[in-house]
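Work through the exercises below with the sequence and the 3D structure in view. Each task is followed by its solution.

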Amino acid sequence: MSLHAMVYTADGVERHDDLDTALEAPGETWIHANDVEPTEMKALRDRFTIHQLAVEDVLHEETRPKTEEYDTHTFVLMKTARLSQRDDVEFHKEVRTHPVGFFIGEDWLVTMSTTEIDVVDPSASQWTKNGRRFVNRGTDFLAYRIMDAIVDDYFDLLDEIEDDIEAVEERVLDEPDPQMLEDLNDVRRDLLAFRKIAWPAREAMSYLSRGDIPEVADRNEKYFRDVYDHLVQVVDLIETYRDLTGGSRDIYLNAVSQSTNEVMKTLTVVATIFIPLTFVVGVYGMNFTDTPFAMPELYWTYGYPAVMIGMGVLSGMMLVHFRRQDWI
């Protein structure tokens, strides 16, 4: 497991490779662990009395974001989200998530992830540049800053989805095709997957912002309320984009239905024109000649051309009528 230990003091930021040394140093301690190994994880659990169930929540990808209180700390599970290319298809991107666990103590913070994540990288300059701010405001403020960075990335993901929706909407109006319906369903599937992250994350952040958590100082509650407000915006945007994709799908289906109606109208006009013609040729196709009731036209010299001209005139009259009715 990769362990990073940072101690924030009034003089600046101290980095430590040893867990015990970091904990003994005065100041606010941040421990980040990723690529978990059982032995080192046990040392973390024993040192900070982290419950095994909370660790399992971080290790399982399907766990929803949440907030839980323990005797010595508060556990918050958040998830990073980004769009990435699928391996089994050429074009479609899907929402990929990685859980991040926050264990907030009185003067310490432990973050845990199953892989390296940029926004939770203690070596990044953003976490060392203003280190004195964290010692003055506590590790709960540091947790807020990391959570806020995770939520900010949600807006970047929504921007990408918005671009995909706009591209599909242009195709719906210009050149609707069967592939478009599949693309719309892919976008709706991404929004649904993202909603499963943002909605419980909003509830988890609400728990942190209403003053029920002893590890969150009163002066820092407003910052968690700000993250909560951002998550409310994210959820609202997800619902808006779902409505937009639903509207685009309806437009596509209406366009396909309209195209089918135009084809059916043309076929109906053609069939209507040929119905009387078929009747005429059917009548004159009855070759009953050896009977006094036979049609006299059969013996008329100009019978054939007269029938053909009559059918042509009848077809022309029907075409004129259909044109006046705007059927063709």
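**Exercise 1: the cavity**

Task: find which residues line the largest cavity, and sort them by type.

Solution. The lining of the largest cavity consists of L3, A5, D17, D18, L19 and I31. A cavity is a set of points on a 1 Å grid over the protein atoms alone where a 1.4 Å probe fits but cannot get out, and lining residues have an atom within 4 Å of a point. Next, sort the lining: 4 residues are nonpolar, none is polar and 2 are charged. Here Ala, Leu and Ile are among those that count as nonpolar, and Asp is among the charged. Finally, the volume of this cavity is about 30 Å³, where a volume is the space filled by probe spheres set on the points.

This is a predicted model, in which local features need pLDDT of at least 70, side-chain atom pairs count only at pLDDT 80 or more, and totals for chains, interfaces and linings use all residues. Residues are numbered from 1 along each chain as its sequence is written, and side-chain values use heavy atoms, with hydrogens and water left out.

**Exercise 2: the core**

Solution. A nonpolar core is a set of buried (under 20% relative accessible area, 1.4 Å probe, protein chains only) Ala, Val, Leu, Ile, Met, Phe, Trp, Tyr and Cys residues joined through side-chain atoms within 4.5 Å. The largest one has 50 residues, and W30, M78 and M147 are among those that touch the most other members. Helix 6 gives the largest share, 14 residues; helices here are DSSP runs of H or I, at least four residues, numbered from the N terminus.

Conventions. Helix = DSSP H or I, 4+ residues; strand = E, 2+ residues; numbered from the N terminus. 1 Å grid on protein atoms, 1.4 Å probe; cavity = no way out; pocket = protein on both sides within 12 Å on 5 of 7 lines; lining within 4 Å.
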